Amino acid sequence: MKMMVTHSHNSFHHCCQILLAIVLFSLQILTHIEAYGSKVEVLPGFEGPLPFELETGYVGLGETDDDMQVFYYFIKSENNPQKDPLMLWLTGGPGCSSFSGLVYQIGPVKFENKEYDGSVPSLVSRPQSWTKLCSIIFVDLPLGTGFSYAKNLTAHRSDWKLVHHTHQFLRKWLIDHPEFLSNEFYIGADSYSGIPVPAILQEISNGNEIDLQPLINIQGYLLGNPLTTNREKNDQIPYAHGMGLISDELYASLQKNCKGEYTDVASRNELCLRDLKYYDKCLSGINTFNILDRYCEDDSNLKRRSLTQELKASLSSHLTVPELSCQIYGFYLATKWANDERVRKALHIREGTIRKWERCYLSDFEFDISSSFEFHANLSKKGYRSLIYSGDHDAVVPFISTQAWIRDLNYSIVDDWRPWFVNGQVGGYTRTYSNRMTFATVKGSGHTAPEYTPDQCFAMFTKWISKLPL
Ligand SMILES: *[C@@H]1O[C@H](CO)[C@@H](O)[C@H](O)[C@H]1NC(C)=O
Ligand SMILES: *[C@@H]1O[C@H](CO)[C@@H](O)[C@H](O)[C@H]1NC(C)=O
Ligand SMILES: *[C@@H]1O[C@H](CO)[C@@H](O)[C@H](O)[C@H]1NC(C)=O
């Protein structure tokens, strides 16, 4: 009964949303005069003119100018932008700027790993940029993220709002960039965005089915170490056991005393709590986002919190200056870079809209999608292609969790478990299912795989986006 109520509420909401969207788009077409984006030819910190085409801008989603303004970075394919696919990238959080995806993972520039000296942090080229193969829109959503702003932020922050806003953003962006309407379109994301992204695809697909204009030539999606069922937390313990971080005896005792439920533990279950305490001690010096990487004081470890709390804590904890050798030093550089007046000017940031740029803005978010599994099931029926990859040394969203929900979709295997190669070496393992879903591990990589293993991920992406087997 409860399910039915929730469901009809969602459909109703969805229907209104679409009607509203149609009205908005009609208005948009009638009154559209001004282009959203501006070219960026030089970036402070990067030497010389940019060797790729960057445009930044805002797309307004509200009724008034200051209501909801979504900021984006758009980088044209460095190969053949007329023919190459177009991808929209969302970083996780929820609420981490898409600039993270651009600068740490798959964009054409990255920070030089150098001690901050008060000048603009240096940017250098990333040879394994995914923009060598496709055009990418890096969008700052949900509202409040990065350089996006709104008059009343608290009114615009939830999973479902993020879904609707991304959908509206995209159709509006395409109206303004009609030259990309015929390109194949994909969405890429990682980490927390494993929750909203399948719903975004479903909403785009439903919009196309009722002829919402402009049509979006959506082909599929790719997700890296995506949060999906919110059961991932329970798979962290078997993962830690498999990786040799806890003893066989402790694992056996945890299984016996906690019965597979490690997050929602009754306070009277003292034996389970005792085991969990021991477990926490074993993992306290491990960087759970990449168990092979250095542990830095600011990194989160596996505490008895929900996964979203855990992600949140790790994203907001960088208040002190990290050591240069820590992966999170890059977060510190980004904050210095994005808060420099010269950078803001170069990016055409509207003055007075954002006081301090934070890599992740995490306040006031309503978690109203608890699992994206049903959306994956629906998208599978519609025949979209997908690539789900797992850095296999991530203990936060471990690969065993991801494999489990993919198996639960019940599709038959069309290309069974085998290694995939890069430069003659095993890059990871892969398996493809009849719903056109390819699963791939990235050997030796962490939570944000392209950040740790750029060559492997570039090779994997090149194959997949070209529709070749890995
Ligand atoms: C902002 O939005 C929230 C949630 O919708 C609402 O409760 C609050 O009154 C709004 N604040 C203002 C200043 O309009
Ligand atoms: C999946 O698709 C069906 C049929 O269109 C729909 O009724 C259902 O609500 C969808 N599931 C979700 C989680 O949206
Ligand atoms: C997969 O198969 C199991 C066992 O037959 C069934 O309970 C489950 O509902 C199926 N899942 C999906 C997504 O169809």
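Residues are numbered from 1 along each chain as its sequence is written, while chains are lettered from A and ligands numbered from 1 in the order in which they are written. As the model is predicted, local features need pLDDT of at least 70 and side-chain atom pairs count only at pLDDT 80 or more, whereas totals for chains, interfaces and linings use all residues.

**Overall picture**
- The chain holds 14 helices and 14 strands, taken as DSSP runs numbered from the N terminus (helices are H or I, at least four residues; strands are E, at least two).
- Of the 470 residues in the chain, 48% are buried; buried means 20 or more other C-beta atoms within 10 Å of a residue's own, exposed means 12 or fewer, and partly exposed is in between, with C-beta atoms placed from the backbone.
- Among contacts between residues at least 6 apart in sequence, 69% join residues at least 24 apart; a contact is a pair of C-beta atoms, placed from the backbone, within 7 Å.
- Valine 70 shows such contacts: beyond its neighbours within four places in sequence, its partners include Tyr58, Val139, Leu141, His165 and Phe169.

**Confidence**
- The mean pLDDT (the predictor's confidence in each residue, from 0 to 100) is 90, and 88% of residues reach 70 or more.
- Residues 26–33 have pLDDT below 50, and this stretch makes four contacts beyond near neighbours in sequence.
- Residues 299–305 also have pLDDT below 50, with 22 contacts beyond near neighbours in sequence.

**Strand 14 and its partners**
- All six residues of strand 14 (residues 437–442) are buried: Met437, Phe439 and Thr441 point one way, and Thr438, Ala440 and Val442 the other.
- Strand 11 (residues 385–391) runs parallel to strand 14, joined by six bridges, and glycine 391 has valine 442 as its bridge partner. Strands pair if DSSP finds at least two bridges between them.
- Strand 13 (residues 425–433) runs antiparallel to strand 14 through three bridges, with threonine 432 partnering threonine 438.
- Strands 13 and 14 form a hairpin with three residues between them, and arginine 436 in the turn has a positive phi of about 65°.

**Backbone exceptions**
- Most residues other than glycine have a negative phi, and most peptide bonds are trans.
- The bond from leucine 141 to proline 142 is cis, with omega near 5°; proline 142 is in the loop between strand 7 and strand 8.
- Glutamine 213 and proline 214 are also joined by a cis bond, with omega about -10°.
- Aspartate 364 has a positive phi of about 50° and is partly exposed, with 14 other C-beta atoms within 10 Å.
- Asparagine 423 has a positive phi near 50° and counts as exposed, with 8 C-beta neighbours inside 10 Å.

**Ligand shells**
- Ligand 2 is surrounded by Gln202, Glu374, Phe375 and Asn378, whose C-beta atoms, placed from the backbone, lie within 6 Å of the ligand.
- Helix 11 (residues 373–382) gives the most to that shell, with three residues.
- Ligand 3 is surrounded by Ala377, Asp408, Leu409 and Asn410.

Key. Two residues are in contact if their C-beta atoms, placed from the backbone, lie within 7 Å.
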